[in-house]
Amino acid sequence: MAYAIKVNGAAHNVDVDGDTPLLWVLRDVLGMTGTKFGCGMALCGACTVHIDGAATRSCITTIDSIGGSAITTIEAVGATAAGAKIQKAWLDREVVQCGYCQSGQIMSASALLASNPHPTDSDIDDAMSGNICRCGTYVRIREAIKDAAQSSGQGG
Ligand code: FES
Ligand code: FES
């Protein structure tokens, strides 16, 4: 069946079964491989994208559930104000180790900062607890989110 979806501001028509996870539409149909497959069961966060600004696990989000909602992926989150601040902080703090989890981490952190410019430690824990990092970059992730929040406070 054909579905009209909006990804990173562009309209796409995709012909897939309705129960196809968004993750596979992004990666296999649209060739946008920045969004990663980890567990396929909403347990690791590697596949996180934004749907209407909310951090969402694309591995369990079927294409027929999306409708006209706006999808943002790691390929374009840097064009948003919060995404740009998060990506800069990630580079400044050299957060990334192997990198596999990091697009999902950045998507969750960007959604947090967009909705809550000055998150507390508890807010950060709540927003990031579903994103697993086998390399243990959690301390640098927390520092980077705080840096990005501080730059929000400075109007930067
Ligand atoms: S691949 Fe979606 S949460 Fe792990
Ligand atoms: S940086 Fe390697 S899994 Fe997170």
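Surface patches are made of residues with over 30% relative accessible area and no salt bridge, where like charges are joined within 9 Å and nonpolar side chains (Val, Leu, Ile, Met, Phe, Trp, Tyr) within 5 Å. A salt bridge is a side-chain nitrogen of Lys or Arg within 4 Å of a carboxyl oxygen of Asp or Glu. This is a predicted model, in which local features need pLDDT of at least 70 and side-chain atom pairs count only at pLDDT 80 or more. Residues are numbered from 1 along each chain as its sequence is written.

**Surface patches**
- Trp-24, Phe-37 and Tyr-100 make up a nonpolar surface patch, together having about 260 Å² of accessible area (Shrake-Rupley method, 1.4 Å probe, only the protein chains shown counting as cover).
- Tyr-100 lies in the loop between α2 (81-92) and α3 (102-115); helices (H or I, at least four residues) and strands (E, at least two) are DSSP runs numbered from the N terminus.
- Tyr-100 is partly exposed, at 35% relative accessibility (buried is under 20%, exposed over 50%, partly exposed in between).

**Strand β1 and its partners**
- β1 runs antiparallel to β2, joined by six bridges; strands pair if DSSP finds at least two bridges between them.
- β1 runs parallel to β5 (residues 70-72), joined by two bridges, and Lys-6 stands opposite Ala-70.

How values were computed
Chains are lettered from A and ligands numbered from 1 in the order in which they are written. Side-chain values use heavy atoms; hydrogens and water are left out. Buried means under 20% relative accessible area, exposed over 50%, partly exposed in between (1.4 Å probe, protein chains only).
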